[in-house]
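Dear colleague,

I am handing over the structure below, and after it I set out what was found. Please keep it open beside this message as you read.

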Protein chains: 2
Amino acid sequence: MMSNDQPVTYLNLDEIHHLAQVALESNGFSQAQANSIAISVTAAERDGCQSHGLFRVSFYINALRNSIADAKAEPALQVNDSTVIHVDGKNGFCPLALDIGLPALVSKAQMHGTAALAIHNVYNIAALWPEVELLAQQGLVAFAFTTSNAYVTPAGGIKPLFGTNPMAFGFPREAMPPLVFDQASSASARGEIQLHQRDGQPIPDGWAIDREGLPTNDPDAALAGAQLPFGGHKGASIALMVELLAGALIGENFSVDSSSQDTHRVGAPFGGELLLAIDPEKFGSTQYLQRAEFLFSQMLDMPGTRLPSQRRYEQREKSVTQGVAMPARLLTELAEMTNN
Amino acid sequence: MMSNDQPVTYLNLDEIHHLAQVALESNGFSQAQANSIAISVTAAERDGCQSHGLFRVSFYINALRNSIADAKAEPALQVNDSTVIHVDGKNGFCPLALDIGLPALVSKAQMHGTAALAIHNVYNIAALWPEVELLAQQGLVAFAFTTSNAYVTPAGGIKPLFGTNPMAFGFPREAMPPLVFDQASSASARGEIQLHQRDGQPIPDGWAIDREGLPTNDPDAALAGAQLPFGGHKGASIALMVELLAGALIGENFSVDSSSQDTHRVGAPFGGELLLAIDPEKFGSTQYLQRAEFLFSQMLDMPGTRLPSQRRYEQREKSVTQGVAMPARLLTELAEMTNN
């Protein structure tokens with residue numbers, strides 16, 4: 001999202017958090033909802049994921065135009081004897097629902113070995129890596145799945161049905177940030193097509209089809225048509241799996257439901273999220289951390305390879321010491337959005 | 001695997017089972033090991049997956065040349081208060097270990113909502129869809145993961161490290177066979193490259209690199225080099241996840257360990273398998289089956305689409321009524337393998 005032709009200001013992480021928090025609260029978000037969103041936004045800026053950073057504060061504020069969204073929602077945790085935990089987000093936003101559900105998921109997984117957390121009735125426009133990273137930092141193996149809006153066509157299809165449907169995975173490391181990936185089931189992020197559109201650039205082959213189902217390199221035609229899954233029918237299977245897990249299984253919206261309900265064209269998908277957590281300590285192997293390091297070292301011995309989360313962690317180290325370069329235009333937009 | 005230039009014999013499913021069972025028992029397999037393998041082989045023939053059918057009986061027999069394999073192994077089930085079940089396959093083959101572990105996994109998942117089954121110390125050269133289908137037939141959402149031999153290079157890499165690492169997923173359907181997919185993390189199955197080699201045909205772009213790390217269409221160079229993951233770095237992430245789950249987490253071999261231990265070049269990977277099962281009934285949604293059907297119907301309304309398991313189930317219907325066409329050469333080979 002960074003362009004090189006405008007002045008930048010370096011902000012530290014506290015400043016970024018504060019800007020997001022104030023902008024959200026001044027637009028009617030409760031302190032708790034705003035704080036959880038600000039943590040999510042700040043983590044994204046810290047790790048160099050600008051598209052989920054301060055840039056996204058406007059998405060949260062715009063979502064309030066949709067009458068269902070509740071910026072003061074107080075999510076409710078539901079725990080019973082099973083290993084399945086629920087949080088009803090009550091039409092608020094996902095970050096606070098996660099902050100309430102994740103500690104309970106950690107406890108359940110540590111007690112039983114496996115556990116699931118279903119988040120209900122939330123607007124989810126954040127990345128999934130923060131929650132799997134948090135779970136893996138607690139020593140757990142973690143999965144996260146969520147739907148989005150209907151943007152992606154099934155293999156062989158011509159109309160959008162699936163979301164970009166990210167799936168995230170985390171595995172703990174000793175004295176290191178966890179192994180984490182968070183990847184869309186689509187060939188590209190929707191935002192990447194929008195960036196090509198903004199810059200007047202053609203999109204690569206394999207990203208999208210137009211409204212007639214024909215391959216296109218035109219970002220306008222792609223956005224009006226459908227995105228393609230990554231890796232052909234195998235990526236489409238992953239997208240279908242995400243719909244079934246984060247939609248049917250937990251009783252929440254499919255991506256196509258979010259789109260049909262989004263009558264205000266806000267683009268903030270409304271539905272749920274499924275997390276799975278596994279405690280390796282219950283599997284009896286005492287060497288799983290060392291064994292994982294053996295695999296990583298075999299991989300990194302090959303020049304040209306890197307671990308999925310490596311670039312994000314490198315950026316994090318820089319951000320913590322140097323702050324984050326914020327484009328002046330973004331800060332101006334945020335100031336205009338902030339009601340005094 | 002079928003070629004059209006040789007006579008075929010139609011066998012019914014009982015006959016296929018019997019051929020496999022007798023061939024295995026005559027080579028020293030216990031009745032129980034042989035029966036579980038014969039069930040697996042017969043299911044593959046029934047569903048048109050010839051590469052996991054009678055063709056594979058020779059792989060099982062060849063694996064005995066490796067001194068670790070035990071054709072009379074009696075797997076041991078280990079269940080405790082947690083949701084994690086273990087089966088020690090005791091150096092036998094995976095199908096019998098699964099037959100012993102799956103009923104316990106179903107019980108645990110139905111009791112707690114989530115559960116895991118770790119299979120240890122087995123040779124696994126079968127497909128994964130039978131076990132996720134069985135779990136989904138019992139009403140559960142199911143995942144299966146297993147490593148193989150080091151055939152696939154990481155994204156950006158030039159040497160084989162990951163296995164073809166299939167991941168299978170099952171979701172129940174009402175009065176219908178479950179939604180199931182079982183897909184390799186590699187761009188192609190290794191057997192597909194071997195078939196191109198046999199037929200003197202070049203392989204498609206994107207399947208493999210040679211020993212120097214350069215793209216190749218030559219099946220010999222591909223088999224001596226490395227296979228590529230499907231969908232670039234995203235497929236490579238899935239392959240890495242499978243290694244961590246079916247290797248590090250459960251304390252079993254990585255694919256690269258199987259290869260280095262396979263001193264007899266048998267090619268039957270030795271290690272484990274991880275299964276996860278989730279009971280949708282514990283999630284509180286009463287509509288998950290109908291909701292899944294809604295999604296499937298939206299998908300199938302588009303001409304050119306199909307559900308992942310559709311062709312397999314269509315073949316199954318034919319096989320049950322008409323029997324399965326077996327090439328004469330395969331039956332001759334099997335007869336030669338069967339000690340009288």
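A salt bridge here means a side-chain nitrogen of Lys or Arg within 4 Å of a carboxyl oxygen of Asp or Glu, and buried means under 20% relative accessible area. Please bear in mind that this is a predicted model.

B:E45 is buried and yet has no salt bridge, since the nearest side chain of opposite charge, that of B:R56, is 9.7 Å away. Leaving aside residues up to four places away in sequence, B:E45 touches B:I16, B:Q50, B:G53, B:L54, B:F55, B:S319, B:V324, B:M326 and B:L330.

The next point concerns helix packing, and two packed helices are described by the angle between their axes and the distance between the axes. In chain A, helix α1 (residues 13–26) packs against helix α2 (residues 31–46) at an angle of about 140°, and their axes are 8 Å apart. The two helices α1(A) and α2(A) are therefore oblique to each other, and α1(A) passes α2(A) in a right-handed crossing. Among the residues that meet there are A:L13, A:I16 and A:H17 in α1(A), and A:T42, A:E45 and A:R46 in α2(A).

The contact includes A:L240 and A:L244 of α8(A), together with B:Y288 and B:L295 of α10(B), and the crossing of α8(A) and α10(B) is right-handed.

Note on methods. Residues numbered from 1 in each chain as written. Chains lettered and ligands numbered in written order. Predicted model: local features only at pLDDT ≥ 70, side-chain atom pairs only at ≥ 80, totals over all residues. Heavy atoms only, no water. Buried < 20%, exposed > 50% of the residue type's maximum accessible area, 1.4 Å probe, protein only. Lys, Arg positive; Asp, Glu negative; His and termini not counted. Contact = heavy atoms within 4.5 Å. Axes fitted to C-alpha atoms, helices over the stretch in contact; angles between N-to-C directions. Helix = DSSP H or I, 4+ residues; strand = E, 2+ residues; numbered from the N terminus. Parallel < 35°, antiparallel > 145°, perpendicular 65-115°, else oblique. Left-handed = near helix turned anticlockwise from the far one by under 90°.
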